[in-house]
Structures are given as structure tokens and as C-alpha cells.
Amino acid sequence: MTSRSFDAPVTAALFDASGQAAFALGDGTVRFEDGSVAEVHDGAVLSACLHPSGRGVVTGGDDGRVVWSTPDQAQELADAHGKWIDAVAGSPESGLIAFSSGKTVTVLDPADPHYRRDFVHERSVADIAFEPKGRKLACATYGGVATWFARIETQKPTFLKWAGSHTRVLYAPDGAFLLSAMQENQLHGWRLKDSKDLRMGGYPAKIRDMVFFDQGRLMATSGAHGVVVWPFVGAGGPMGKEASELGFEEGVAVVRVAAAPRGPMLAAGLADGRVWAMDVRTGPQRWIVAERGAPVTALAVREDGGRLAWGREDGEAGVADLAT
Amino acid sequence: MDCLFPFAWFATIYPPMTDKIPVTVLTGYLGAGKTTLLNRILTEDHGKKYAVIVNEFGEIGIDNDLVVGADEEVFEMNNGCVCCTVRGDLIRVLSGLMKRKGGFDAIIVETTGLADPGPVAQTFFMDEDVAARTRLDSVTTLVDAKHVMQRLDDSKEAREQVAFADQILLNKTDLVSEAELAVVEARLRGLNPLAPIRRTERAKIALDQILDQNRFDLERITDIRPEFVNPAHGEDGHVHDEHCGHDHGHGHDHDHGHAHDHGPRGHAHQDDIRGISLSLDRPIDGQAFTRWLDKLLAEQGPDILRAKGIIEIAGEDRRLVFQAVHMILEGDLQREWGPNERRWSRAVFIGRNLDEANLKAGFEACAA
């Protein structure tokens, strides 16, 4: 394992297509594993995602700018003139990038510098997700999730209503379900073909993170003493099924989760700074970071499940091999 | 009603954090002097790093300080619980500020003149991310001595802002006479007997007198003076009411809770919101009191804006202190009673539609 010590909170950790880790920080920089540093925001990085090309990182800052950084260069993609960029998302399938600033979600196409779509919501947008083909995007807001066709200029969104504030949103990899995390410590889901509601409650804490893995058969979330894992098999998904909790430990909460999309490798970041990983087929959990510290704020597992990157609120960060 | 009380759980999952950033909520209707005060906070050579959240979009940095705009967004929870209503914009902005390198010495949140302070305060107790990294230091309400009487007559929000306050800055005192000030202060006390009133001109006050006051720290509940609620007749702050036993000679009927036709410097009168003070010189049964308080807040929480109390529990050498914001209740055994200290229980409830006789009977029935 290699450890790094930054002097700003870690907003996000990511692996790019070459398999290298990158960290986006509260001092406005993106730090690549090869040691190169992109100083891109005047302020903090608030949100980050992988660039659709798989090369480098797209970050949104509290300076209102959206920037694409690679180890070699940085390029401004958009400027919201001081409005915070609360969420960014990229779709390798459609090549599009979306970001939210207040109530507006903007879609960009890196292949066409003149392309821009702005979708305005009644309330602020907390999170954005592209559907698996990248043609639609879902925007989490107050009172529900709005879904838009990413390329159509003038349209009315389909609004999936559910009372309360939606803070995170995620599509199932087969596109059949849309999941959202809510302010009131619960998940809500919609089966998209018939808009059937899925209520997935019982969480003791705020759900900050969710991820599909194992070919889309499982979804893991934070928000409990262990990682909560929901089965998504068959037409009903998790309907009528129970979640299981992995790595349960009294007195601590899982605050970040990450996993390999096609494999069984799952990782958890804890409020006390520790990190574990587990092959959910074989178990048991392995401590990647065993010493306690500031809460984990960033966690990523490489697509092949072979490496893990983590970062903490106090700037401690690291990369570890998961292959045994 | 399904209500979430996550505090106890927070304490078990987050490492104890001593360096939570204090947040001062600055309320007051338009023209009370909030902008003047904020400008002073931003331009004064205080050597601190402050973030100020204002109700306009956009962000500017002034020297060390940062000004962030936010649109007021009230989030109701889908369980319908009033005390779980929070300000989504604050969750978003405070969480974003926590990502910044270096942090801040204090954060000041300016609300609009029409804002309900309840959801603002509740955000600091109900949202896990906000509660883990920041603490509500005080709700500070600015009022303008010249126009406050009129505003209190006209505006429910103005009355709520005063009633909710931990401290009140009575500003523009140079524009009115001492006699007028006394009338204004009496009315403010009637609405809120817990908050000290500081007189200012042009919002001039030392920042260390309003920031970092720890007004929500149970350890700081040192004294509650029920006589503030209604000082003796003839003294400053006395509010005439039906118990005075003398004729006020106003020559018209009071129609409380509605707009009055007398001007800002009319007589002192009772508002729809008021503070009710309870006291008892006998020890109280701890279990009976907890039951009574839980029931009271569950039933009347939406109407109870604030409450604080110091209770003498039978068989306990330490003082029980509590405070509440609507239904959110915190209580703990505090320090021991001093050897020469008068042992007695007192509590103040600030709210609307409060039945004083009923509260008094319920409180006294908790006697051991």
C-alpha cells in the first residue's frame, strides 16, 4: 500500500482507464498517482467524475468552474460564474458530461465545444446519474427525481415523485431500476417500466453512497453499521427481499462504499477512518486501513477489482492492491 | 407521527469532535440592520476566517472571509414531522464549506426577513453531516428600535424571530427616546424572556459579544430568571395583562392576535407568542418530569418555539438542565448545586397558544 498525506480534505478518489488513481481535494487540486498535480479550482473541489474518454478527471468547484484534468494538462469545460458545482457525471457510452449548479443541470459534449443543454428544476439538484446507455439523465431534487433526454433541447422532464429530499441517484446497470437516497435515512426506488415504487428503509444513518456490483446483481450502500447489500435479481429486483449487512460492527458507521462493477469485490470506508475490502463470495473482510482517524470521504475500487484508493477528511489518502 | 431523533446515535458513530465550527444564525426583518452588521463582520480587522452565507446567489471572497449565496429551500420530511423540517440550502452549503482546505473560525448564516428560524435551527440537529462538523452557536435577532413595534404587530415572522432568539440586538437606539426603548424592551421580553437584549447603534457591537456564545451548550445554562417573564408592576419590563388587577384605561378592547390600530409606541400588550415561566421550590420527581416534558413536546412541539430549564431532582445532587427547539429536546445532569445556592426548579416555555394554567399544573404535579 502507498500512503499520501495531503493538506486538504479528499473530495473524491477515482481510477482512470489506465488504472491509475487520482484524488480531488479541498484545495482545488487534482493529484494523480504519478505525482503530477493539476491546480484547477480557486477553492474546493465539490464534485468529481471520470471523463467519458476514460482519460483524466472532471471536477466541479466552489469557484463555479467545471474542469477536465489529466496528468499533462487541464482544460476548462464550463463556468457557472460563481455558482457552486454540486454534482458532475460522465457517460462513457454517450460521451456526455453533465453538471449541476443550483437548480440548473447542464449537459456538455466534449466532442462538440458548441453543444450545451440546460435543464432547469424548481429546486436545487443534489446529484446526477446517466442511465447506462447515456441517453438519459436523472437529477435528484426535492420531491423526487427528474429524468431528461440528454440531447433534446426543449422538453418536459419525466418527474418520478416521492415526498422528501433526494440526495443521491443511481441507475441499475440494466436500466430497469432507478434508486435514490433520501434525507430521511432511506432509499427509494422506481421500477422504470411501470413506475412501481420500492421503499427500502430501516437505515440508522444518512446514506451517502451507493454502488452496483457483481454484474448488477447486488447493490451496496452506506448508512448503517455495516455495508447494506440489496439483491437485484429477477424482474422484482429487491422487492419482497431482505437486505443483508456485511462487516457489521457496533459503534461505527459505514460512510463510503465502492465496488468493481462486474466482480464480487466490495470495499467500505468508515466514519472512524478505517477501510475494509471483501470478496463477497469468499469473504472474510480484510482491513486495508486498520488505524482509526478522520472519517473516510472518498473511496474507489478499480474496474477489475484489483486496486483500491481511499481518502479521508484530514487529507490522508492511499492506494492499495486488492489482488491476493 | 414518526419522528427521528438521531443525536444519541451520532455520538456513537462519530469520534468526539471538539473543533466543531460555531454557526451564528442572524435573523431580523428587512431594515433591522443585518447588512450593516455583516459588512462590519467582513471588513473589521478581526484576524479570523469567517464564512458568511447570505440569501443571494453567487460567491465572493473578501480578504480572508468568504461570502456564499444560497436560496432558501425548506425541506419537509416525508414523515410529516414539523420538527424534522430542515433547510436544504444550508445542508448543501455547509457540507460544501467543510470540503474546503483550512476550514473556518466561524460561520454566519443570514436569513431573509421572512424566514422561519425553526427549520434553520433544526438543520443543526437533524442533519448528520451538519451536526458532525458544525454546532449552532446562537440564533441572534436584530430588531430596529424605531420600527419594531409596528413589525411585531404586522408580521408573524417578526414575532417568531424575536421569540426564537438566543440574543436580541436592539439596534438604532439613537433614533428613539429612553421611554420608547423601555416600552420596546418590555414587549421583546414578553415574547422572549430568555434572550438578553443588547442595545446598539448602527449595529455597533464587539464581535466577540455576539459570535461564539455557546448558547446551545447545556453547560452554559447557568441561570434562568423567571421574573424576566413578567417583572413586578411598575418595574421595567412589566407587561400589563389580565392578572394585573387594575384598570389600564386604554378605552378599547384588546383583540389579541390581530392587527392593532395603535401605533408602534402604543401600550405594552400581549402577543400571540409569549414566554411562560414556571418555578417550584420543592424537589421534582425526575421520572414524572421527563414523562411530562416528553408528552408536552410531543403534543405541543409545533407551537413551542424554545424552552429551557434548570430542575432540582429529588435525591440528586446535580442540576438537571434541558433545552428544546420545537420537539427536539436535549437534557443532561449538569454540575452539582453549590453549597449556598438556592435549590429550586425553573423553566421557561416560549410559544403560541400556550395555556399557562395548564402548564403550571402539569409542572407542579411533578413534585416529588
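At 4% relative accessibility, A:Asp214 counts as buried (under 20% relative accessible area, with exposed meaning over 50% and partly exposed in between, for a 1.4 Å probe and protein chains only). The residue is found in the loop between strand 20 and strand 21 (218-221) of chain A, where helices (H or I, at least four residues) and strands (E, at least two) are DSSP runs numbered from the N terminus. The phi angle of A:Asp214 is near 55°, a positive value in a residue other than glycine. The model is predicted, so local features need pLDDT of at least 70 and side-chain atom pairs count only at pLDDT 80 or more, whereas totals for chains, interfaces and linings use all residues. Residues are numbered from 1 along each chain as its sequence is written, chains are lettered from A and ligands numbered from 1 in the order in which they are written, and side-chain values use heavy atoms, with hydrogens and water left out.

A positive phi is also present in chain B, at B:Asp212, with a value near 50°. B:Asp212 is found in the loop between strand 10 (197-199) and strand 11 (273-280) of chain B and, at 46% relative accessibility, counts as partly exposed. In chain A, the peptide bond from A:Gly283 to A:Pro284 is cis, with omega near -20°; A:Pro284 lies in the loop between strand 26 (275-279) and strand 27 (286-289). Most residues other than glycine have a negative phi, and most peptide bonds are trans.

At the interface, 30 residues of chain B are in contact with 40 residues of chain A (heavy atoms within 4.5 Å). The buried area is about 3000 Å², with carbon and sulfur atoms giving 52%; this is the accessible area (1.4 Å probe) that two parts lose on being put together, summed over both. Between the two chains there are 10 salt bridges (a side-chain nitrogen of Lys or Arg within 4 Å of a carboxyl oxygen of Asp or Glu). The side chains of B:Glu128 and A:Arg208 meet in a salt bridge, at 3.3 Å from N to O. On the side of chain B that touches chain A, two or more residues each come from helix 1 (7-13), strand 5 (74-75), helix 3 (88-97) and helix 5 (128-133). Helix 3 of chain B provides the largest share, 5 residues.

Over all chains, the structure holds 12 aromatic pairs (rings of Phe, Tyr and Trp, the last by its six-membered ring, with centres within 6.5 Å; planes under 30 degrees apart count as stacked, over 60 as edge-to-face and the rest as tilted). The rings of A:Tyr142 and B:Phe75 are stacked, because their centres lie 4.7 Å apart and their planes are at 5°. This pair crosses between chains, from strand 15 (residues 136-149) of chain A to strand 5 of chain B. B:Phe75 counts as buried, at 8% relative accessibility. A:Phe212 and A:Phe232 form an edge-to-face pair, 4.9 Å centre to centre with 75° between the planes, and both residues are buried. In chain B, one aromatic cluster is formed by B:Phe289, B:Trp292, B:Phe322, B:Phe349 and B:Phe363.

Helix 4 (residues 117-126) of chain B is largely enclosed by the rest of the structure, because 10 of its 10 residues are buried. B:Asp116 caps the N-terminal end of this helix, with a side-chain oxygen 2.8 Å from the backbone nitrogen of B:Gly118.

Notes: A polar contact is a pair of N or O atoms within 3.5 Å; within protein, one must be able to donate a hydrogen and the other to accept it, and residues adjacent in sequence count only if both atoms are side-chain atoms.
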